[in-house]
Amino acid sequence: GRLKGKSLSLSPVYLQRDDYATGLVRLLSLGLRVMTLLEFVVRHSLKQQPTQAIAGLYAGNPKRTAANPTAEKLLAAFSHIYLMVAREGNTVRRWLTPLLPLHLQILELFGSSAQVYLVLTADFENSP
């Protein structure tokens, strides 16, 4: 369903070459595997925790919890992270949105660390 649905959008495409269509299907298949792995690992980690749910994934109701969050909801939580780059003469200034507690919780559930993000922001200035 994800390949045909909105997530990965494998809809009829009109490509001139067969190898392009094959490459597109392989790329989308890889994306599907990553999404499935993300969902599985987070759900498995949630079952190991005493609370067994994550709150803040629903925009209209931030206190609503999800015991089995979808990969789409987990990735959508990161959609408000922005990188802004401004050039002032010879100086380049960069601002990166700081991580929220929800982001840190998702990264922890996935078995990753916020260090990946913090290394990226080491020489960045955080926006106010």
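Which residues have the most contacts inside the largest nonpolar core? In this predicted model, they are Val 42, Ile 54, Leu 57, Leu 74, Leu 102 and Ile 106. The model is predicted, so local features need pLDDT of at least 70, side-chain atom pairs count only at pLDDT 80 or more, and totals for chains, interfaces and linings use all residues. Residues are numbered from 1 along each chain as its sequence is written, and side-chain values use heavy atoms, with hydrogens and water left out.

The protein chain has 4 helices and 4 strands. Both kinds of element are DSSP runs numbered from the N terminus: helices are H or I with at least four residues, and strands are E with at least two. From the N terminus, their order is α-β-β-α-β-β-α-α. The chain has 128 residues, and 23% of them count as buried. Buried means under 20% relative accessible area, exposed means over 50%, and partly exposed lies in between (1.4 Å probe, protein chains only). The chain exposes about 9300 Å². Carbon and sulfur atoms supply 59% of that area. Accessible areas come from the Shrake-Rupley method with a 1.4 Å probe, and for residues only the protein chains shown count as cover. A contact means heavy atoms within 4.5 Å. Among contacts between residues at least 6 apart in sequence, 50% join residues at least 24 apart.

In soluble globular proteins, nonpolar side chains tend to be buried together. A nonpolar core is a set of buried Ala, Val, Leu, Ile, Met, Phe, Trp, Tyr and Cys residues joined through side-chain atoms within 4.5 Å. The largest such core here has 13 residues. Helix H1 (18-48), H2 and H3 each supply at least two of its residues. H1 gives the most, with 4 residues. Apart from this core lies another, of 5 residues, among them Leu 96, Leu 99, Leu 107 and Ala 114.

Ile 54 belongs to strand S1 (residues 54-55). Ile 54 counts as buried because its relative accessibility is 0%. Beyond its neighbours within four places in sequence, Ile 54 is in contact with residues including Leu 46, Pro 69, Leu 102, Ile 106 and Leu 109. Arg 64 is also one of the contacts of Ile 54. These two residues are 10 apart along the chain, and their C-alpha atoms are separated by 8.3 Å.

The largest pocket has a volume of about 230 Å³. Of the 13 residues that line this pocket, the closest to its centre are Gly 56, Ala 76, Ala 77, His 80 and Leu 102. Helix H2 (71-76) and helix H3 (101-110) are the elements that give two or more residues to the lining. On a 1 Å grid over the protein atoms alone, a cavity is a set of points where a 1.4 Å probe fits but cannot get out, while a pocket is an open set with protein on both sides within 12 Å along at least five of seven lines; lining residues have an atom within 4 Å of a point. Grid points are joined across faces, edges and corners, and a volume is the space filled by probe spheres set on the points. The lining divides into 8 nonpolar, 4 polar and 1 charged residues. Here Ala, Val, Leu, Ile, Met, Phe, Trp, Tyr, Cys and Pro count as nonpolar, Asp, Glu, Lys and Arg as charged, and the others, Gly among them, as polar.

His 103 has its place in helix H3. His 103 counts as buried because its relative accessibility is 4%. Outside four places in sequence, His 103 is in contact with Ala 77, Phe 78 and Ile 81.

Lys 73 lies in helix H2. At 32% relative accessibility, Lys 73 is partly exposed. Lys 73 touches Leu 57 and Tyr 58, not counting residues up to four places away in sequence. Lys 73 and Leu 57 are 16 residues apart in sequence and 6.2 Å apart in space, C-alpha to C-alpha.

Most residues other than glycine have a negative phi. Gln 52 has a positive phi of about 55°, although it is not a glycine. Gln 52 lies in the loop between H1 and S1. Its relative accessibility is 42%, so Gln 52 counts as partly exposed.
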